[in-house]
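Please read this report with the model open beside it, and look up each part as it is named.

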Amino acid sequence: MSAATTRSRTPDRLCAEAVGLARAAAEEAAAPGVVGEHVDVVVEGDRVVTHLFECEDFGYRGWRWAVTVARASRAKAVTLEETVLLPGPDALLAPEWVPWSERLRPGDMGPGDLLPTDAEDLRLEPGYSGEDVPPPNSAVSEEMAELADAEDADLTAGPPAELPVAPERGSIAALAEELGMRRARVLSRYGLHVAADRWDESFGAKTQMAQAAPATCVSCGFLTPIGGSLGQAFGVCANEFSPADGRVVSLAYGCGGHSEAAVMPKPPRPAEPVIDETRVDPFPLRPAPDSGSVPSAPDGTEDLGHS
């Protein structure tokens, strides 16, 4: 270790003793009664030290007033360099700044809010470019374009060149717009996978509702299919009593509102009565005297007409 390094770690005596000068500078920069006790002396370099004072402000608990003083070579007067408020080891600090694109969460958008999409968003990829020039080896040839212009000329009042707006009939842009494919960007493969994972996590086969369901959505009459590649694994629930009504659900999802789970079985039909006409069962008009639970009356008693 060199002598210069050893000398720089040893605080200058005059600078270290200038606590009063440092406190006066801190009280001048801070509000009255905010500067607390002297905490430490930090060596910044040769004849340069920083005095630390506790900050008594309730809004800056754990912070310290740092006053740096210095002394010129061979000089006895200590001068003031700067006064700042710095956080201490137990200071309450603001969380690390996070870009808005990373802070945004599903459901944060409200009416009137705009969510700009990054030009390098991995969920999107370029869609139809809008170019009307047929690519190489295309089925659309120049002769077909001339035929389309000729048909437009027959339908319009004058030649296409004299029209205020050139007709778009037969162009690739018009065909793409008619089919709903004229979009600047479309979902990329990564965007499709991210959407599928998110939907499957909310309404997929591993959810508690699907585990207790009598059947899956693939056999439910309330499932509305969707187009595209995602339609092979997802659909839209149209059951108003289902917890997934109006949501994109996995075909492996299920709930108690399955269309076939609520079908009540038909009540069993009673057996038809069987009549045996070959046998006659005689039934007496009056029951036998000893057939009842009440003993018969003794002989000689008056008949009261009870049967």
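Predicted model: local features only at pLDDT ≥ 70, side-chain atom pairs only at ≥ 80, totals over all residues.

Residues are numbered from 1 along each chain as its sequence is written, and side-chain values use heavy atoms, with hydrogens and water left out.

Of the 307 residues of the chain, 20% count as buried; buried means under 20% relative accessible area, exposed means over 50%, and partly exposed lies in between, with a 1.4 Å probe and protein chains only. The chain holds eight helices and nine strands, which are DSSP runs numbered from the N terminus (helices are H or I with at least four residues, strands are E with at least two).

Helix 3, residues 19-29, has Ala22, Ala25 and Ala26 as its buried residues. Seen down the helix axis, these buried residues fall within an arc of 100°, so they line one face of helix 3; the arc is that of the directions from the helix axis to the C-beta atoms. Gly20 and Glu28, on the other side of helix 3, are exposed.

| Strand | Residues |
|---|---|
| Strand 3 | 63-71 |
| Strand 4 | 78-87 |

Strand 3 and strand 4 run antiparallel and are joined by nine bridges, where two strands pair if DSSP finds at least two bridges between them. Val69 has Leu80 as its bridge partner in strand 4. Six residues lie between the strands of this hairpin, in which Arg74 takes a positive phi near 65°.

The largest nonpolar core has 17 residues, and those with the most contacts inside it are Val35, Phe53, Trp65, Val67 and Val69. Such a core is a set of buried Ala, Val, Leu, Ile, Met, Phe, Trp, Tyr and Cys residues joined through side-chain atoms within 4.5 Å. Strand 3 gives the largest share of this core, four residues. Another core, of seven residues, lies apart from it and includes Phe203, Cys217, Val249 and Tyr253.
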